[in-house]
Amino acid sequence: MPVIRILRRTPLPATEAWHRLTDWERHGARVPLTRTVITTAPPTRVGTRFTARTGVAGVTFDDPMEVTLWRPPTEGGAGTVRLEKLGGVVRGWARIEVHPLPTGGAEVRWHEELRVRGLPRTLDPAVAAAGRRLFARVIDSLLRDGARSRDEGSAA
């Protein structure tokens, strides 16, 4: 399964970084040809479901997800959200952690494992590299602050 790990630091407080990173509709707005459709009532919590729908000219691909862990950051404590990918084509999970830093700001840790049905495992490194680039761009855009950043990654 391709493994994607991304680490970012931001001067934003952990709670603000959390709100930006868990605004699912904003995620879709940052991926080309994609929009996010939330299918459960707000607020986000365990059981929230949404679909990232990508496509053009009537040809679409759906990536449905469900929140299985929802623990927003607290004063001085980290926040964690875990998403399960429920689609027929893309399966796996993602975990986003937002840790407050003692010097101010926050550290974002994104860890995702996914499997694309029909692709041979020999393409896992390419899938991981493409996912790392895409998700890093989404994170950077959501945080929008020019913070120091560092990618970590491996493909399994």
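Asp140 is partly exposed, with a relative accessible area of 35%; here buried means under 20%, exposed over 50% and partly exposed in between, using a 1.4 Å probe and protein chains only. The structure is a predicted model, where local features need pLDDT of at least 70 and side-chain atom pairs count only at pLDDT 80 or more, while totals for chains, interfaces and linings use all residues. Residues are numbered from 1 along each chain as its sequence is written, and side-chain values use heavy atoms, leaving out hydrogens and water.

Asp140 pairs with Arg8 in a salt bridge, defined as a side-chain nitrogen of Lys or Arg within 4 Å of a carboxyl oxygen of Asp or Glu. Asp140 sits in helix α3 (residues 124-143) and Arg8 in strand β1 (residues 3-10), so this pair ties together parts 132 residues apart in sequence. Helices (H or I, at least four residues) and strands (E, at least two) are DSSP runs, numbered from the N terminus. Arg8 is buried, at 5% relative accessible area.

The whole structure holds 12 salt bridges, including these:

| Salt bridge | Closest N and O atoms |
|---|---|
| Asp140 and Arg8 | 2.5 Å |
| Arg49 and Glu66 | 2.8 Å |
| Asp62 and Arg53 | 2.7 Å |

Let's look at the second pair. Arg49 and Glu66 form a salt bridge; Arg49 lies in strand β3 (residues 49-56) and Glu66 in strand β4, so the pair links parts 17 residues apart in sequence. Glu66 is buried at 19%, whereas Arg49 is partly exposed at 39%.
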